[in-house]
Amino acid sequence: MKRLAELRESLVIALWFMFLTFPILVIQVNTIEKTIIWRWQNLLYVGIGSFALSFVWRYFIGKAAAGGRASGERAEEKTSILQRITADSRFSRSAILLTALIALAFPFLSSTYQVNIMTTALMYVVLGLGLNIVVGQAGLLHLGYVAFYAVGAYTYALLYQHFGIGFWTALPLGALMAMVFGLLLGFPVLRLRGDYLAIVTLGFGEITRIVLENWSEFSSGPSGISEIPRPGFFNLAMDLEESTIYLYFLMVGFVLFTIFVTNRLQNSRIGRAWLALREDEVACEAMGVNKTVAKMTAFALGSTWAGMMGVVFAAKTTFVNPASFTFLESAMILSIVVLGGMGSTLGVILASFLLILLPEYLRAFSDYRMLLFGTIMVVMMIFRPQGIITNIRRTYEYHFERKQNGAPDASV
Amino acid sequence: METILETKNLTMNFGGIKALDRVDLDVRQGEICALIGPNGAGKTTFFNCITGIYPPSEGDVFISPPAGKRKRINGLPVHRVTARGLARTFQNIRLFPDMTVLENVMVGRHCRTKAGVLGAIFRDRITRKEEKAVVTRSYAILERIGLADLANALARNLPYGDQRRLEIARALATEPFLLLLDEPAAGMNPRETEALEELILRIKTEEQISILMIEHDMRMVMSISDRIFVLDYGKKIAEGTAAEIWENPVVIKAYLGEEFDA
């Protein structure tokens, strides 16, 4: 009986797909010769394909639901293999060592093109970790992150154009500028919650781009600013390859720095306040946490990182124009955070490699990139709503045995 | 005994509805006071007004901390009220469910500590010391409340009664001089209620913290309160000791409805 119902359901799904894809996949109009080609065989493929896929889909949905039911309340104690591996210090130590070796050797073993792509991926790691402070830790949905990225990039570009200021001076200035913009935006906006905050930040992101596009006297409009110098190293003259490798190592440094800082922030008084704020705003306030200050701090810190990466971006491409700062970019960074698992550092790193490197290496599919993207997102949300790696926060643990010696000890 | 909390003419309007109507109330140092009344009488609104969640429409709230001057606190933001020494619990438990028991209490220490972003990043000596003090102190509170052996459990895995106690522990971490408990015994069985009673009395005597609580469990209210205030339709209709309230015809009428004499 159940089989029959499933069969009928799949049949209906198949018919629907055939109906929906009919205009695109079956009818082909040749406008020059004014003929219509009917590709009936496509209809058959779609029908059979969706019929078969619906079974696969049902099987996995059923498995996911059964898994959820079986583990029941112990769900959070169940840890994935990946988590157990990362928790094992012997393993993680050798993994870190291996990663470090690969990271060090990489630029000397591969082409400039590869190094360039990798640098981009590392930039997204930093951007993802920066946004993770806002979205993952403080729980503020931010859809205009790219605006601060743009602020950083244009700070360097304009400072160089007008005053000839170099990369290393522009880096802190760009970060500072983005932070100031973050505070300016945050002040009126952070009293909004959830969806409303998302909409306003989305608007801000677009406004920034449109201003840059139209205010030609200030930003030279859509044509952008070019010939921005790459980062220098004590006035050392570097050819393109050398400077690419240099930038790569700079980015490795940035990633390490960001991981260090975000980790420290997470396990601190302010990190606790963010977490509490995410869990229950009213209770958090009633416990004496200044909501506005906590949110502003998260927002400003997140923006700072975007600003810093903006400067690096400008230096890397040696050219900025508003087209680099579209909403798609914000969505990309947010996807990295969500896909990786909100609040999880390792998850964000993996996700940014996945999302940045995959399209680069799958050039053949570049037309379907957004389609793939959407599919991955939907599948992810259904089967792993927590992200690739569920963030297991390091919690404060109280060690009882040491207390007897009169020295209470707490570790993070 | 000194008055530590005083409201004068406290009024709260929601549109046309007077949720609180000129309520005068005072709590003295070292007292356990109870605020009772039928459902919808405005008890929780009263709490929300003094803790700053709602700014009162009219009237004043004054606090006089044992080691401080009398101050008017209406309109102060919630976190500042907490910093001044009023801490509260909630009618429907509002813990941080995905944080551990210890971390929940540590959040309560937030307003008594100072470490900022730079401290968090550089983790200097002062910050480390402060952090250590936060942990030790929070753990000590848990020990006193009797939740120490659950310190590393997630708050949401705690049994109901313990969640209520954890809320009290978290409130104590803010070092209040007056603890506001919103129906602390709601949903507890008689044994848990008894333990809670004992806990509240201990907080009063050992920590010298006064208590104002909203409670429906009359047996508990009558046995531990020094004074009781009765609200009905936003008005204070009676105040006095347990015995006085028990006899008061106005209170009986509010609770049981008017008697009809045929």
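A surface patch, as the word is used here, is made of residues with over 30% relative accessible area and no salt bridge, where like charges are joined within 9 Å and nonpolar side chains (Val, Leu, Ile, Met, Phe, Trp, Tyr) within 5 Å. The accessible areas come from the Shrake-Rupley method with a 1.4 Å probe, and for residues only the protein chains shown count as cover. The model you are looking at is predicted, so local features need pLDDT of at least 70 and side-chain atom pairs count only at pLDDT 80 or more, while totals for chains, interfaces and linings use all residues. Residues are numbered from 1 along each chain as its sequence is written, chains are lettered from A and ligands numbered from 1 in the order in which they are written, and side-chain values use heavy atoms, with hydrogens and water left out.

Let us begin on the surface of chain A. There, A:Trp57, A:Ile61, A:Val378, A:Val379 and A:Ile382 form a nonpolar patch with about 390 Å² of accessible area together. Two elements of chain A give two or more residues to this patch: helix 2 (40–71) and helix 16 (369–383). Helices (H or I, at least four residues) and strands (E, at least two) are DSSP runs, numbered from the N terminus. Helix 16 of chain A provides the largest share of the patch, three residues. A:Val378 is found in this helix 16. Is A:Val378 buried, partly exposed or exposed? Buried means under 20% relative accessible area, exposed means over 50%, and partly exposed lies in between (1.4 Å probe, protein chains only). With a relative accessible area of 48%, A:Val378 is partly exposed.

Next, turn to the place where the two chains meet. Here 37 residues of chain A are in contact with 44 residues of chain B, contact meaning heavy atoms within 4.5 Å. The area buried between chain A and chain B is about 3,700 Å², and carbon and sulfur atoms give 60% of it. Buried area is the accessible area (1.4 Å probe) that two parts lose on being put together, summed over both. Between the two chains there are also ten residue pairs in polar contact, both at pLDDT 80 or more. A polar contact is a pair of N or O atoms within 3.5 Å; within protein, one must be able to donate a hydrogen and the other to accept it, and residues adjacent in sequence count only if both atoms are side-chain atoms. On the side of chain A that touches chain B, helix 11 of chain A gives the most, with seven residues.

How many salt bridges cross this interface? The rule finds two, a salt bridge being a side-chain nitrogen of Lys or Arg within 4 Å of a carboxyl oxygen of Asp or Glu. The side chains of B:Arg94 and A:Asp280 meet in a salt bridge, at 2.9 Å from N to O. Over all chains, the count by this rule comes to 31 salt bridges.

Other salt bridges are found within a chain. In chain A, the side chains of A:Arg209 and A:Glu206 meet at 2.8 Å, N to O. Both lie in helix 8 (residues 194–214) of chain A, three residues apart, about one turn of the helix. A:Arg209 counts as buried at 16% relative accessibility, whereas A:Glu206 counts as partly exposed at 24%.

B:Arg170 is buried, with a relative accessible area of 0%. Leaving out residues up to four places away in sequence, B:Arg170 touches residues including A:Ala283, A:Met287, B:Phe90 and B:Arg94.

Another salt bridge of chain B joins B:Lys204 and B:Asp226, with the closest N and O atoms 3.5 Å apart. B:Lys204 lies in helix 7 (residues 190–207) and B:Asp226 in the loop between helix 8 (218–224) and strand 9 (227–232) of chain B, so the pair ties together parts that are 22 residues apart in sequence.

Finally, look at two backbone angles in chain B. B:Glu183 has a phi near 50 degrees, a positive value in a residue other than glycine, and B:Glu183 is buried, with a relative accessible area of 10%. B:Tyr233 has a positive phi of about 50 degrees although it is not a glycine, and at 70% relative accessibility B:Tyr233 counts as exposed.
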